[in-house]
Amino acid sequence: MIDIIIILAKGGKPLRGHNEKEESCEKGLFLEIVQLLKKYDRDFESYINLAPKNCTYLSNYIQNDILLSIKNVILRNIQNELSGQPFSIIADETSDVSHHEQIAIVLRYVPIGSILPIERFIALKRLKSRDTETIFGAINSTIQDLGASWDNAIGVCFDGASTMSGQSSGVQTRCKEMNASIMYVHCHAHCLNLSLVAACSNRLENPKILDFFGVIQLIYNFIEGSPKRHAVFEDIVKLTDIKLKTLKSLSQTRWACRAEAVAVIQVQLKAIIEAIEKVVSEATDPIIRAKGNGILNQIQSFDFIVGLEIMNPILQLVVKVSKTLQSP
């Protein structure tokens, strides 16, 4: 039972189904795997069939208890690794699909008996507010739950948001109140992202690169915004020697991820132009025709072609730097 739950948890899969009754065809992954193992393990089958109904270890409550126990064992192992060792804290907050604010907390340290640092994901906590005290409280409670001491903390790594990095009232300041020798590091990957945004967005006297990215997003919206237009694009690509690559939307927060969106368009530019021309020629909707013709004028312009040739190699280099900064 424990091994099944570990496998599902490691893969990030849900344990339970919507209907777990005996007659259900979809009881959820946990019960379905139990049924599968019963077919090939007679001892397991005998236990499931003969065990008292209050001792089958199949209920959702027991599943939760086992998950909690696994979590406690993992945290205990981390506590043993961390015992008395210097550590640094990496934390970042974000909202989930339910619009709940959350903070992820990671510790970086060198385990006893090792010479290489490791990073351990410790907690994901919901935040009721994004103010300094709430965020620091979540980090502080995590440190206390681990039995770690602020005296052993040597660094904190956050993004550059004022709540996190503020020198008078930020989270880094609250951490330094616990240990004055703590060093604050502005996440290098975030610094790289900010420099990209500044280089591409803050040059309104020469907005060609800003306009270039706008056209990239327009291409994606036009072709991927309709299954019919996407099918036209697919059919045209199949007639070429190029392997079909799905168009990508631009990321607003990770500019390094824009490299893939630009590279895909550069490789398939001819097919994209032909697809849009075909869509425009067959369209009866005046809005679609107007959008298509506008995009065609943009992507065949001198400025866009130059932007494509300049930004693709630059962004490929940026991706390498970004991955290096985020590597273990």
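Student: What volume does the largest pocket have?

Tutor: The largest pocket holds about 1,400 Å³ of space. That volume is the space filled by probe spheres set on grid points, which are joined across faces, edges and corners. The model is predicted: local features need pLDDT of at least 70 and side-chain atom pairs 80 or more, while totals for chains, interfaces and linings use all residues. Residues are numbered from 1 along each chain as its sequence is written, and side-chain values use heavy atoms, without hydrogens and water.

Student: What makes a space a pocket and a residue part of its lining?

Tutor: On a 1 Å grid over the protein atoms alone, a pocket is an open set of points with protein on both sides within 12 Å along at least five of seven lines, whereas a cavity is a set where a 1.4 Å probe fits but cannot get out; lining residues have an atom within 4 Å of a point. For the largest pocket this gives 41 lining residues, with Cys187, Ala189, His190, Arg254 and Gln326 nearest its centre. Two or more lining residues come from each of β1, β2 (101-109), β4 (153-158), β5 (183-186), α8 (188-201) and α14 (302-326). Strand β1 gives the most, eight residues. These elements are DSSP runs numbered from the N terminus: helices are H or I of at least four residues, strands E of at least two.

Student: How is the lining of the largest pocket divided by residue type?

Tutor: It has 20 nonpolar, 12 polar and nine charged residues. Ala, Val, Leu, Ile, Met, Phe, Trp, Tyr, Cys and Pro count as nonpolar, Asp, Glu, Lys and Arg as charged, and the others, Gly among them, as polar.

Student: What lines the second largest pocket?

Tutor: Its lining has 17 residues, of which Lys71, Ile74, Leu75, Ile122 and Ala123 lie nearest the centre. Helices α1 (2-10), α4 (60-82) and α5 and strand β3 each give two or more residues. The largest share, seven residues, comes from α4. By type the lining has 13 nonpolar, one polar and three charged residues, and the volume of this pocket is about 440 Å³.

Student: Why is the contact of arginine 130 with glutamate 93 called a salt bridge?

Tutor: A salt bridge is a side-chain nitrogen of Lys or Arg within 4 Å of a carboxyl oxygen of Asp or Glu. Here the N to O distance is 3.4 Å, so the pair qualifies. Arginine 130 lies in the loop between β3 (118-127) and α5 (132-145) and glutamate 93 in β1 (residues 87-95), so the bridge ties together parts 37 residues apart in sequence. A network of salt bridges links Glu93, Glu101 and Arg130. The whole structure has 10 salt bridges.

Student: How do you know whether glutamate 93 is buried or exposed?

Tutor: Buried means under 20% relative accessible area, exposed over 50%, and partly exposed in between (1.4 Å probe, protein chains only). Glutamate 93 has 10%, so it is buried.

Student: What about aspartate 145 and lysine 125?

Tutor: Their closest N and O atoms are 3.9 Å apart, and the pair forms a salt bridge. Aspartate 145 is in α5 and lysine 125 in β3, so parts 20 residues apart in sequence are tied together. At 59% aspartate 145 is exposed, while lysine 125, at 23%, is partly exposed.

Student: What makes arginine 229 a charge over a ring?

Tutor: The rule asks for NZ of Lys or CZ of Arg within 6 Å of the ring centre and within 35 degrees of the ring normal. The charged end of arginine 229 sits over the ring of phenylalanine 222, 4.7 Å from its centre. Arginine 258 lies over the face of phenylalanine 213, at 5.0 Å from the ring centre. Both distances are therefore inside the limit.

Student: Which residues do ring pairs link into a cluster?

Tutor: Phe212, Phe213 and Phe304. Rings of Phe, Tyr and Trp (its six-membered ring) pair if their centres lie within 6.5 Å; planes under 30 degrees apart are stacked, over 60 edge-to-face, and the rest tilted. The count by this rule is four aromatic pairs.

Student: What is the phi of histidine 99?

Tutor: It is near 65°, a positive value in a residue other than glycine. Histidine 99 is in the loop between β1 and β2, and at 71% relative accessibility it counts as exposed.
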